[in-house]
Amino acid sequence: MSERKISPKSLKNLHQSNKEANQLTKESIETALLFLLENKDLKQISVSELVRKAGVSRNAFYRNYKSKEEILENYYERTSSNLKKKWYRLQAKVQKDGVQQSFADFIQQQKHRAEQSKALSNVSQWIREKTKRGS
């Protein structure tokens, strides 16, 4: 049997395809968790229920995450980073246009948006509980 060689271009395409599939798996799991958090606390959601809702295997879950909490930690980090970016853009606009909005006003506006989402409310509750335990 002859050895089959794969071209560098094919390997690059395969790598890109695997990367995209892995990203899609992560997004599916995260979206499913946020959806389930609309009606349940994190403690009430099993990994089995989560992967079933996400349409992925338990192996896919554990290949990407150690726990449900890790999903929320990643989500929190990304959301915090996005809020910082929004804040910096707002500050640049304030300096350019002279628009006045305090940090407290900005946070209040973001908090109001988050309160409108049950999932974000559950994430916020998880963060508060984690913060209390860590103190």
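Analyst: Welcome! Helices are DSSP runs of H or I with at least four residues and strands are DSSP runs of E with at least two, numbered from the N terminus. This is a predicted model, where local features need pLDDT of at least 70, side-chain atom pairs count only at pLDDT 80 or more, and totals for chains, interfaces and linings use all residues. Residues are numbered from 1 along each chain as its sequence is written, and side-chain values use heavy atoms, with hydrogens and water left out.

User: Which residues is L72 in contact with, leaving aside its neighbours within four places in sequence?

Analyst: Contact means heavy atoms within 4.5 Å. Once neighbours within four places are set aside, the partners of L72 are L33, L37, L42, V123 and W126.

User: How far apart in space are L72 and A60, C-alpha to C-alpha?

Analyst: Along the sequence, L72 and A60 are 12 residues apart. In space, their C-alpha to C-alpha distance is 17 Å.

User: What about the core? Which residues have the most contacts inside the largest nonpolar core?

Analyst: A nonpolar core is a set of buried Ala, Val, Leu, Ile, Met, Phe, Trp, Tyr and Cys residues joined through side-chain atoms within 4.5 Å. The largest one here has 22 residues, and those with the most contacts inside it are I29, L33, L37, L50 and F61.

User: Which element gives the largest share of this core?

Analyst: Two or more residues come from each of α1 (8-36), α2 (47-54), α3 (58-64), α4 (68-97) and α6 (118-134). The largest share is five residues, and the element that gives them is α1.

User: Which of F61, Y62 and Y65 is partly exposed?

Analyst: F61 is buried because its relative accessibility is 0%. Y65 is buried too, at 5%. A relative accessible area of 43% makes for a partly exposed residue, and that residue is Y62.

User: Which elements cover the buried residues of α2?

Analyst: The buried residues of α2 are V47, E49, L50, V51 and A54. Just after α2, G55 takes a positive phi of about 75°. What covers the buried residues of α2 includes α1, α3 and α4.

User: Now helix α1. What does E30 touch, not counting residues up to four places away in sequence?

Analyst: E30 is part of helix α1. With a relative accessible area of 14%, E30 is buried. The C-alpha atoms of E30 and L50, 20 residues apart in sequence, are 9.1 Å apart. Beyond four places in sequence, E30 touches I71, Y75 and R78.

User: And what does T25 touch, not counting residues up to four places away in sequence?

Analyst: T25 also lies in helix α1. Its relative accessible area is 17%, which means T25 is buried. Its partners beyond four places are V56, A60 and N64.

User: Is H15 buried or exposed?

Analyst: H15 is found in helix α1. Its C-alpha atom lies 30 Å from that of F35, 20 residues apart along the chain. Because its relative accessibility is 55%, H15 counts as exposed.

User: How many of the residues that line the second largest pocket are charged?

Analyst: A pocket is found on a 1 Å grid over the protein atoms alone, as an open set of points where a 1.4 Å probe fits, with protein on both sides within 12 Å along at least five of seven lines; lining residues have an atom within 4 Å of a point. About 190 Å³ of space lies in this pocket, and of its 10 lining residues the closest to its centre are D41, L42, K43, W126 and E129. Here volume is the space filled by probe spheres set on grid points joined across faces, edges and corners. Counting Ala, Val, Leu, Ile, Met, Phe, Trp, Tyr, Cys and Pro as nonpolar, Asp, Glu, Lys and Arg as charged, and the others, Gly among them, as polar, the lining has three nonpolar, two polar and, for the charged ones, five.

Methods:
Buried means under 20% relative accessible area, exposed over 50%, partly exposed in between (1.4 Å probe, protein chains only).
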